[in-house]
Amino acid sequence: MSRFRAAAAVLAAVLLPLPAGAAEQVNVYTYRETKLVQPLFEAFTKDTGIAVNVISASSGLEQRIKAEGDKSPADVLLTVDIGRIDEAVQAGITQPIGSAVIDETVPARYRDPNGHWAGISMRARVIYASKDRVKQDAITYEELADPKWKGKICIRSGQHIYNNALFAAYVAKHGEAKAEEWLRGLKANLAQKPSGGDRETARDVAAGKCDIGIGNTYYWALMMNNDPDKKPWAEATKVILPTFEGGGTHVNLSGVLLAKHAPNKANGIKLIEWLAGEKAQQIYADANYEYPIRPGVPLNPTIAGYGKLTADSLPIAKIAAERKTASTLVDKVGFDN
């Protein structure tokens with residue numbers, strides 16, 4: 001209990017004050033860093049006059065909202081990855097958004113069939129390949145289990161939510177038995193025990209510890225453009241957009257959910273709809289190096305430089321349904337050992 005109270009104190013400390021004289025407000029709980037989403041909220045307030053209060057944390061928001069019950073001030077949960085989106089729904093802390101704007105704007109495969117969540121931007125799980133040692137410019141996810149890559153692949157923990165979603169997508173595409181066989185082949189090709197994060201994967205490829213690594217699209221752009229210390233890791237690698245055989249590139253989401261007991265429900269829906277609008281989508285694309293969910297919004301030039309993204313057609317909800325199976329398989333094959 002004391003640990004929860006301590007975490008709550010930290011969370012409360014980042015609650016942004018209401019602008020003086022503001023009559024309308026909306027309360028957002030988010031896993032995104034405040035500095036990344038604040039430009040969005042400032043633009044929303046300017047457009048609508050609705051002030052945005054933000055609670056940001058790296059974990060525990062679903063549990064906090066559930067513990068707060070019907071007294072929770074949360075209106076909107078802004079989160080990343082289908083794993084956390086699904087956990088929020090399973091925790092019973094959300095309600096259907098019920099927005100015709102969202103239904104018309106966000107493609108069906110990036111929305112919850114029951115209306116509890118909607119994607120507002122995409123990221124792809126891709127390959128960071130050595131410019132010096134990898135000559136091919138195309139690869140399939142299935143190929144990652146090919147023995148030709150033995151001792152040449154780096155990856156973070158198989159239980160991390162980003163890899164869990166990719167592995168769950170593989171289960172959804174090929175079935176549990178073939179996914180297990182694939183995971184065993186991928187594990188056999190690892191250059192080292194899964195560790196670190198996606199940036200460290202690029203670092204290890206640059207250092208020659210492996211030839212290819214698996215990471216999210218935006219990390220490479222952040223290293224190249226925003227972090228001089230890590231720019232050499234990006235410069236030593238190239239991004240390849242892999243695909244499933246007969247399919248497209250695996251994508252995941254940043255998503256929004258409407259809290260079950262939202263005290264400012266109407267404003268929460270306004271914010272969710274605004275986040276799917278052209279202005280917000282452009283801010284997301286440029287500030288966070290993500291793919292817009294709204295068709296027709298220009299990509300950030302660095303992201304566009306990866307090549308044309310053909311996102312796999314598998315509905316995100318079907319990936320979410322296989323998360324538990326994927327996690328079980330990771331342990332079964334001893335992927336992280």
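1. Basis of the note. The model is predicted, so local features need pLDDT of at least 70 and side-chain atom pairs count only at pLDDT 80 or more, while totals for chains, interfaces and linings use all residues. Residues are numbered from 1 along each chain as its sequence is written, and side-chain values use heavy atoms, with hydrogens and water left out.

2. Helices 6 and 7. Helix 6 (residues 161–174) and helix 7 (residues 176–188) pack with their axes 7 Å apart and at an angle of about 135 degrees. Helices (H or I, at least four residues) and strands (E, at least two) are DSSP runs, numbered from the N terminus. Axes are lines fitted to C-alpha atoms, for helices over the stretch in contact, and angles run from 0 to 180 degrees between N-to-C directions. The two helices are therefore oblique to each other; angles under 35 degrees count as roughly parallel, over 145 as roughly antiparallel, 65 to 115 as roughly perpendicular and the rest as oblique.

3. The residues between them. Helix 6 contributes Phe167, Tyr170, Val171 and His174 to the contact, and helix 7 contributes Glu176, Lys178, Ala179, Trp182, Leu183 and Leu186. Contact means heavy atoms within 4.5 Å.

4. Rings of Phe, Tyr and Trp (its six-membered ring) pair if their centres lie within 6.5 Å; planes under 30 degrees apart count as stacked, over 60 as edge-to-face and the rest as tilted. By this rule there are 8 aromatic pairs. In one of them, the rings of Phe167 and Trp182 have centres 5.7 Å apart and planes at 80 degrees, so the pair is edge-to-face. Phe167 lies in helix 6 and Trp182 in helix 7, so the pair ties together parts that are 15 residues apart in sequence. Phe167, at 2% relative accessibility, counts as buried, as does Trp182 at 3%. Buried means under 20% relative accessible area, exposed over 50%, and partly exposed in between (1.4 Å probe, protein chains only).

5. Ring pairs link Phe167 and Trp182 with Tyr141, Tyr170, Phe244 and Phe335 in a cluster.

6. Ser130. This residue is found in strand 5 (residues 117–130). Leaving aside residues up to four places away in sequence, Ser130 touches Val205, Asp211, Ala236 and Lys238.
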